[in-house]
Each structure stands twice: as structure tokens, then as C-alpha cells.
Amino acid sequence: MSGVVLSALEKLKKCIKEGDPDGAKAETEKALEETEDVSKIVKEALVPAIMEAGELWKKNIYFLPDLVMCAEAFKESMALLEPKLSQKKVKSLGRVVIGVVSGDMHDLGKTLVAVWLRSTGFEVIDLGVDVPIETFVEKVKELKPAVVGISAYMSTSMIFIKDVIEAIRKAGLRKKVKIIVGGVTTTEKFAFDAGADAWGRDAVDAVEKVKALLGVS
Amino acid sequence: MIASIVKGALYGLGVRRKGTLDGLSRVVASALGHADYPSVVSAQIHEHAMTVAKVPAKKFFFDGKTAVETIYWVSKWYGIDIPMSFTDVYNYEAEALGAKMIYSGHSMPTIDFREPLIKKAEDLDKIKTPIKADWGRIPYVIDQIRWNAKISGSAPIAIFCSPFSLAVGLRSYPALIRDMRSRPEFAHKLFTWIVDEVHVPYLQLLKKETGAKIAMGADAWACYPNLSLDMIDKWVVPYAKRLRKACAKKGIIALAGAAAGDYCEEDPEKFDIEIMKKCWSMAVRAISGIDLNIGMPLMGMGRTQDWSLEALREYRHKNKIPIFGLLPTITNINARFIREGPPEKIVDYVKRLVDLFARDGRMLFMFVQIPALTPPEHVHTAIAALKTYGRYPIAENLDTVTFEKPVFEPFEEWVKKQ
């Protein structure tokens, strides 16, 4: 029995690492037939697959399409696993609220960061794109995340990153939350000048930065 | 225009180096040999120009004349020789075909990628073509082409969103990549449809309305590493070729896929000169169909300030063209670098470019993008540094040349006098 489950997990891991969403869905279904231990599926297949894909990205072996397909495969798998996971009390590394600023509809980078954070064990609340400043503040108040991720793609929308951070500060919430900034138009200098605690160059880097902010490994 | 080209050619080749050069003649001279200093060209400075000139987005992105004039005057203020005065080129066709857009008071319009026009494969058959002159903001596009030609005195040139980037706009990047991997037959159907049903009649329409016989395709979504080289070869180059051939039959020169040569690696640790060289060759193949092992060195949108520029120089010197000699090189300053500066670093970088490339001639300098919030001082500084260090004959030791911080009038005061 154990051998069969391991084999299914290996196949699932391969599907995610190689960015095969249809295969990931099928293998997740098979894995769920074999075991009720959803955490095991996540820990032994999904997490290492995403981590290994991240390493290949760092080595210039994987490109953006590869990461995007890994994320798609991960999402297909998680769609089946999440309802079962939510029934169990799963310990998270921390809660992260993430979103793209107002007037900006580019969600590719933000979605990748959300997937990578989830695969690492963070609870991620994705506010989506075109998120008004007030919504960021309300969600920080309501959900009390450990980290807020703010992203922008356009050089005209990135100015709102600073406004979001300022609004969080004015609401008296700044000391309660760490802030990370990302998006193709941003830089580390911009992030710090805007009042953030960290800047993520890409999804893999962002996860490392969030872990460092929270002192988790 | 012809007179400027001839003057630039004679100047560049060293036949006659007298008189002052205008923007076009300086570009030609820089490409063929050298001008008085390396010419400055630009693309994608629209958001910056709009911000500097304080034009509301709702006017700038809907009134072609305003957009072209704004970009023109801001470019002139900086001393840019030739600006490519187009705005949100990745949106026009998708918007006209019915893609949901978000319009804001401060930014350029953007496609709502949450709800792509082609959600399911069947949606493709529901989209009406060909694009008509009064659909979406096509009147705005037509106005931009007309006003660009009028203001620059050059032949009208159309600009369009190349097949790959348009496919992203219609389908979204993740869904398109998934199609290309899991449903290649649908992806090929989509690209073929874009070329045959959208682009060819659309470029004919622009030609009819404006006289534009040359059309240039923007394609940032197809840049490396948004796509791997294999994917560019399989999905970008063939459809650039298909479009080029179909348009040639209609008397239009359509240049798509040039962005394949734009090596946009952001991580300095991942910089790879071999991949960069392949990108350049790929761009030549996409534009011309000719399979060469060399391409024109183009520094493009990447984080060039952190690259090994010496390696680029070596490439240039090792790949001379028989009789012609050195390859013209388009040097660049990265968008985030020009925004953040500081001016001292910008000066040092431009000085390094001049030392490595301008000294031998055939160097052009390009702003591939100037972000909205870039302090004008940074742009003036970059150009002043180019004119100071790049003034021919170039000093043996650039450290002996004194650079003076540029003094400039605020744009609103300067433009009143024009």
C-alpha cells in the first residue's frame, strides 16, 4: 500500500515540477484514492516539486513559462486538496495578504508569488488585482496578516505602493505587519524608499525574503 | 527626409563632416560611422512624457494629436534625436476586438486579464473581424500615425501589437502557455487567426487611412526570458514570417518579432552572453527570414548596467561585416536605473558606454523605456554625459574630461517658447 502511494506521489511531483496541469489533476485524484493523508501529499509531492522548480529557475534551466506551468499544475492539485485541508487544522508559517495596486490588472507575478508562498506553507489571502488602498488597510485590520505583499507592473501605478504603505501607517498598523513589494517596475531601492521591509525580485526570491522577515526556515 | 539621410550618410562615412546634424541625420551618421556625438533614440516614453507635461490620462490616451505632440516636445526638451511617439501599443487591437479594458484617470488603459476575451477555445470563433476604422480606439491610432508623420516630416509608420503579445492580450499569458504545451493545435489556430484575420486586414486598413507602408510590431511578451529560445523559435519566428509574407503581397513591410532579440534578463547572476547572442540572431531571423549566426547588438530592456559590457564589445569586434566593418550597436540605459539614478551613477555608466563603444564608432544610445516618475534631471544628465564624453574626437582618457551638471529650464517654461 505504502509503495503504491509513494509512486502516485512521485508521479504527482513530476507533473507539478514539469508543469503538467492536467496530469497533476489526474495524479492528485489518484493520490487521494490511495491516501486520506492530504498533508502527506502536499509535503511529499507539491512542496518539493515547487522547490525543485525554483532551483531550476535560479540555474537558468527553467524560464518564466516553466514557472507559470508549475504554478498552474500546483493550482489544479490544490483545488482538489484545499477543501480537505481546510477540514483539518494545518499549521501555517504565517498569514500573507497579497494584491496588485489600484488601476493595475497585471496579476502574473503576484499569482506566482502566492503559489510559491502557499507551497512553502504560508496561508495566503490573494486580494487580486486593481485593489484600492482602503481594501489593503481593511484587510490588514480584519485578517491581521504577518506580511502584506504589494505589487505593481506599470510605472504609473507603482506610485500607489507608497500610498498603500502610508495608509497602513496612518491606520496605526505598520508596526504590526511586515511589508514586501514586488513587480517588474520596482526595485529594492524603490521598495525601501516607499517604506517597505523587503523587495522580491521574483517569486522564488520573494518567498526567501518573506521567510527572512518572519525568521522562519 | 532624404536630404537628412544623405547628409547623415556622408557625415557618418567621413565623406563630408560639415554643418549641423538634425535628429535623423545624426541617427544615420551614428549607424554608419559616427556623428558629432552618438545619437539618442527612444521608445516607450509615453507615460513619462504624459507625467512631465501634466496631461491627464483621459486626454493623453484618447487624443492622438495630444499624445504625439506631448511625446515630441518632451523628447525635444531632452534632446532625443528620434522618439517613437506611440502610446499603449499592446492594447489597441485587443481593445478593438472586444477585450475588457480598465481605464483610469492616472494610468494608461490596461487589459483586464481577469476576464480575457478568449476564455474557452470556442470563444475564438465568436470574435468579429476584420477590425474597422471606428472600433475601439482605432481612430486614436490613426491620428497618432498621421500626426507622427506630420510632426517628424517622415513617411507614416504604423505600429501594431505582434502576434505573440496580442495572443497574450486576448487569452492571458498562463492560458496561452498552457495552450502551447497542452493544446498546440488550438494555439496554432489562434496565431494563424491573429495573422490572417486580424493583422493583415488591420495593417491594410492603417495603410488605407494613413498611407503607412511600413508597420512595426511591438512584442515585449515574446522577450527572453518570458519565452525560452526554443519557444521563440517555434511560436514567434514562424508567425512573424507568415505576417511578413502576407503583408508583402499587400505592399506593406511588416516587421514583427524584433523583440525576440531583446534580452531582458533581470538577474545579473543569470546574465549569459551566449543566450544574448542567440537572441540577436533570432531577431534577424524573425524580421528578415535570413538565418545568420550574428545579429545586431542590442542592449534592450535588460539590466545592462550590471552586465559584462566588455563581453559585448568583444562580440562586436569579433563579428565584423566584410567591407562594412563593425556592427552598429544600440546601447541602452535600463528603465529602473534611469528612474533611480543617482545622477553620478548615470554619468559613470554613460562614460563607460562611450569608452567601450563610441570610441570605435557606430554606437547609438536608446531609452527603451522611461518610467513615469523618472526625475527629468536624470534624463538630462544621461544626455549631457553622452554629449560631453561622446563628443568626437573622443578623448584618449575620459577622466581628463570635465562633466558639468546640466542646467535646464522647467518643461512648462521651455515649451511656451517653442
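Q: How many residues of chain A are in contact with chain B?
A: Two residues are in contact if their C-beta atoms, placed from the backbone, lie within 7 Å; in this predicted model, 27 residues of chain A are in contact with 31 residues of chain B. Residues are numbered from 1 along each chain as its sequence is written, while chains are lettered from A and ligands numbered from 1 in the order in which they are written. Local features need pLDDT of at least 70 and side-chain atom pairs count only at pLDDT 80 or more, whereas totals for chains, interfaces and linings use all residues.

Q: Which elements give two or more residues to the side of chain A that touches chain B?
A: Helices (H or I, at least four residues) and strands (E, at least two) are DSSP runs, numbered from the N terminus. Here the elements are helix H2 (21–34), H4 and helix H8 (188–193) of chain A, and H4(A) gives the largest share, five residues.

Q: Which domains make up chain A?
A: Domain bounds come from an automatic or database domain assignment, which in chain A gives domain 1 (2–87) and domain 2 (95–214). Their centres, taken over C-alpha atoms, are separated by 26 Å, and twelve residues of domain 1 of chain A are in contact with eight residues of domain 2 of chain A. On the side of domain 1 that touches domain 2, helix H3 (38–58) and helix H4 (64–87) of chain A each supply at least two residues.

Q: What ipTM and pTM does the predictor give the complex?
A: The complex has an ipTM of 0.82 and a pTM of 0.88.
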